[in-house]
Amino acid sequence: MPPNPNLGRIMKVTVKSKIPNMLRQIKNATKRAVRAACKQIVADVKARVPIDSGALRQSISSKVDAVRGETVVYGVVGPRSKFVKVIKGKPRKPSHYAHLIEKGRFRRPFLAPAWQANSERYLETMQEVLKQEIEKITT
């Protein structure tokens, strides 16, 4: 009997999986959920910011990002670092002094109280949005 010509050959099998695509969709859904909560946090923080010139209030915003290669999504709320407002001819950067207002000598906190007062609502918002987004993915 002649030797089998397929013996000794390497066979390559490619399996296409939907898992990477689903992970990306879940990560994007999580970003949307965190973004929705951050939007509420920004509104609550802006309502609590002490007003002198209004620059700090105008600079408050949020940024939502994800860690590359991992399933970590996070949101940051605070003054934008590149925001500049000219007051009486001098440029002012609220990101340089916001921490002094929040935790300085003459404290007038605005970030921590907003989170403490409404953290349950923010978590509920994230849960609702994430539930809606996952329903979209699975249908």
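Predicted model: local features only at pLDDT ≥ 70, side-chain atom pairs only at ≥ 80, totals over all residues.
**Exercise 1: the fold at a glance**

Work out how many helices and strands the protein has, and in which order they come.

*Solution.* Next, walk along the sequence, and the pattern reads α-α-β-β-β-β-α-α. Then look at contacts between residues with a separation of 6 or more: 55% of them join residues 24 or more positions apart. Finish with burial, where 24% of the 139 residues count as buried.

**Exercise 2: helix α1**

Compare the span of α1 with the expected one, then find which of its residues are buried and what they pack against.

*Solution.* First, the length: α1 covers residues 19-48, so 30 residues, and at 1.5 Å a residue you'd expect 44 Å. From first C-alpha to last, α1 reaches 43 Å, close to that value. Second, pick out the buried residues of α1: Ala29, Ala33, Val34, Ala37, Cys38, Ile41, Val42, Asp44 and Val45. For the spacing, recall that an α-helix has 3.6 residues a turn, so residues three or four places apart point the same way. Third, check the partners: the buried residues of α1 pack against β1 (60-66), β2 and α4 (111-138).

**Exercise 3: Tyr74 and its patch**

Decide whether Tyr74 is buried, partly exposed or exposed, and say which patch Tyr74 belongs to.

*Solution.* Begin by locating Tyr74 in strand β2, residues 73-79. Now apply the cut-offs: buried is under 20% and exposed is over 50%. Tyr74 has 36% relative accessibility, so Tyr74 counts as partly exposed.

Technical notes:
Residues numbered from 1 in each chain as written. Heavy atoms only, no water. Helix = DSSP H or I, 4+ residues; strand = E, 2+ residues; numbered from the N terminus. Buried < 20%, exposed > 50% of the residue type's maximum accessible area, 1.4 Å probe, protein only. Contact = heavy atoms within 4.5 Å.
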